[in-house]
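Hi,

Here is the structure we talked about handing over.

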Amino acid sequence: MTERIVVIGAGPVGIRFTEELLPLVAGGRATVTVLGAETADPYNRVLLAEYAVGEASSDELTLATAASLTGVDLRLGARAVRIDRDARVVELVDGSTVGYDRLVLATGARSIVPSLEGLETLGPDTTGLDSSLTTGVCVLRDLSDAEQVRAVVARGGRVVVLGAGVLGIELAMLLADAGAVPSVAHFGPMPMPRQLDRGSASILSTALASAGVTLVPHTRAEGVIGVEGDDGIRRFRALASSDGKRIEGDLLVLSCGVRARTELAEAAGLRVGNGVLVDGALRSWSDPRIHAIGDCAHIADPAEFLHDRQVPGGPHGLVGPGWRQASWLAAAIAAELDSADDHPGEFADEHPGVVVLKGELVDIASAGDVSADPFAPVPAGEDAPGIAVWADPEHGTYVKMATRDGILTGFVAVGMPRAAAELSVLYLRGGELPADRSLLLRLDDPDADAIAPAGRDATLCICNAVTVGQIEDAIDDGCSSVAAVGECTRAGTGCGGCRARITEMLHAHAGAVA
């Protein structure tokens, strides 16, 4: 019997899941219908900032087309408005319905829009999923937002970014490199407080200032100041803070975090926490015929938390874990339909999150807890983590490593891309640091030979879990560019943080051949 699989969401995670199901579709074991609210071909939202500043083309953003998903019913502009679990149908905005045997929610997350005086909601946007805001204010979550940024960048305009998390800082760096004039307003003393400690944040702040990015810390945003033009349209002109600061610009980009899209699930009676609550098989706690993956999925054990009012944890907020969930779920469904003995068991992400900041101005990588102060007193009965710190503010470099019994449990590296790559490998492996920590610092010696992380089995592309060996094999088989390696292995097609390392490997191979 053919399994009817319906996917709600045509973003990176939903499309990856669909691609993994193509063998089932080709074999007649399943039919797959993908419902996407946007009318554009599915695209990679992770690269929207690069597209907005002209560093990536629309072709590079495109994930798939109807032609590339052979046998799949890809429906664009088809917004799901209701799930009828009893009848097992999804109702669309046009009143039509799609029946399912298995439903996969890949609805992603929506940007958090803060309550600011003067910030207007102008009605639903073109997808019907979100609201249009005051002209000149956007969240950089879809192509229409990116087009607004492109228009300002093209004329070298001023962009105010509210929020100094990873995405906000990354966007500001790209804007400055593209010739725009960015300002970043944020609440608190330092940028990227979840990923950086005080030392690394200081190095980053200096690098941003040198590149033309104005940081405005301790800003409690209170209102949006708009000016009405001759056409009667009110446009953004400045962000106002509670202490009287006025940050002027031509565009305001809200980068204030995201929240899982759970409205459909909640309306259907599915239990949600910080996302749709799913178990180790990525199945809804409330309905075994419904799964959730990506930024809308909150994985937790119902045996442990079923009766808890608040369930700890939540979505990762990174594309890599979502892709790994998509691949795992497709494999699990295939095994189940084929009654195979090699069922993958329960989903377990073996690649803890490493955050890599993309940008030409400064390299940053961070993972784990780096908040410990190496000179702080240790309470009686507690064991302090081992902390090693190297700082060279004059040259914009900083490394901090935290260990337990020699095992790397957290690190942050600024301005030291090779050390960051090696630390990432050690962190993912749960490996020990060398006894002489200074060996890692020497990796970024400009006179040192380019090296790949130790071992062919080491993960180089964290988003897609691609190893050094797989990339080496692709290069040996004739892949001569980062794009070609990405097409062959998917490496570099996620956040892009590994592209510099792939470039080094390509150069090393070319030198060896010569």
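Below is what turned up, topic by topic.

A bit of housekeeping before the details. This is a predicted model, so to speak of a local feature I needed pLDDT of at least 70, and side-chain atom pairs count only at pLDDT 80 or more, while totals for chains, interfaces and linings use all residues. Residues are numbered from 1 along each chain as its sequence is written, and side-chain values use heavy atoms, with hydrogens and water left out.

**The sheet**

Let's start with an open sheet of five strands, in the order 11-18-12-13-14, with parallel pairing. Strands here are DSSP runs of E with at least two residues, helices are runs of H or I with at least four, and both are numbered from the N terminus. Two strands pair if DSSP finds at least two bridges between them. At the edges sit strand 11 (137-138) and strand 14 (214-216), each of which pairs on one side only. Strand 13 (residues 181-185) runs parallel to strand 14, and three bridges join them. If you want to find one of the partners by eye, Val184 has Leu215 in strand 14 as its bridge partner.

**The cores**

A nonpolar core means a set of buried Ala, Val, Leu, Ile, Met, Phe, Trp, Tyr and Cys residues joined through side-chain atoms within 4.5 Å. For burial, the cut-offs are under 20% relative accessible area for buried and over 50% for exposed, with partly exposed in between (1.4 Å probe, protein chains only).

The largest nonpolar core has 71 residues, and Phe17 and Leu105 touch the most other members. Helix 9 (residues 319-337) supplies the largest share of this core, 10 residues. There is also a second, separate core of 45 residues, which includes Leu48, Ala180, Leu196 and Val362. Leaving out residues up to four places away in sequence, the contacts of Leu105 (heavy atoms within 4.5 Å) include Ile8, Ile83, Ala265 and Cys296.

**Salt bridges**

How many salt bridges does a search of the whole structure find? The count is 27, taking a salt bridge as a side-chain nitrogen of Lys or Arg within 4 Å of a carboxyl oxygen of Asp or Glu. Three of them are worth a look:

- Arg102 and Glu3 meet through their side chains at 3.3 Å, N to O. This pair links distant parts of the chain, with Arg102 in strand 7 (residues 102-105) and Glu3 in strand 1 (residues 3-8), 99 residues apart. Arg102 is buried at 5% relative accessible area, and Glu3 also counts as buried, at 11%.
- Glu120 and Arg234 meet through their side chains, again in a salt bridge of 3.3 Å, N to O. Glu120 lies in the loop between strand 8 (109-111) and strand 9 (121-124) and Arg234 in strand 16, so the pair ties together parts that are 114 residues apart in sequence. Glu120 is partly exposed, at 32% relative accessible area.
- Arg261 pairs with Asp130, their closest N and O atoms being 2.7 Å apart. Because Arg261 sits in the loop between strand 19 (258-260) and helix 7 (263-267), and Asp130 in the loop between strand 9 and strand 10 (131-133), the bridge ties together parts that are 131 residues apart in sequence. Arg261 counts as buried at 11%, whereas Asp130 is partly exposed at 24%.

Salt bridges that share partners also join Glu3, Arg102, Arg289 and Glu336 into one network.

**Cysteines**

A disulfide needs a pair of cysteine sulfur atoms within 2.5 Å, and the search of the whole structure finds zero. Cys479 counts as buried, at 13% relative accessibility, and so does Cys296, at 0%.

Met192 is not a glycine, yet has a positive phi of about 45°. Met192 lies in the loop between strand 13 and helix 6 (198-211) and counts as buried at 1% relative accessibility. Arg490, not a glycine either, has a positive phi of about 75°. You'll find Arg490 in the loop between helix 13 (482-489) and helix 14 (499-513), where Arg490 is partly exposed at 28%.

Cheers
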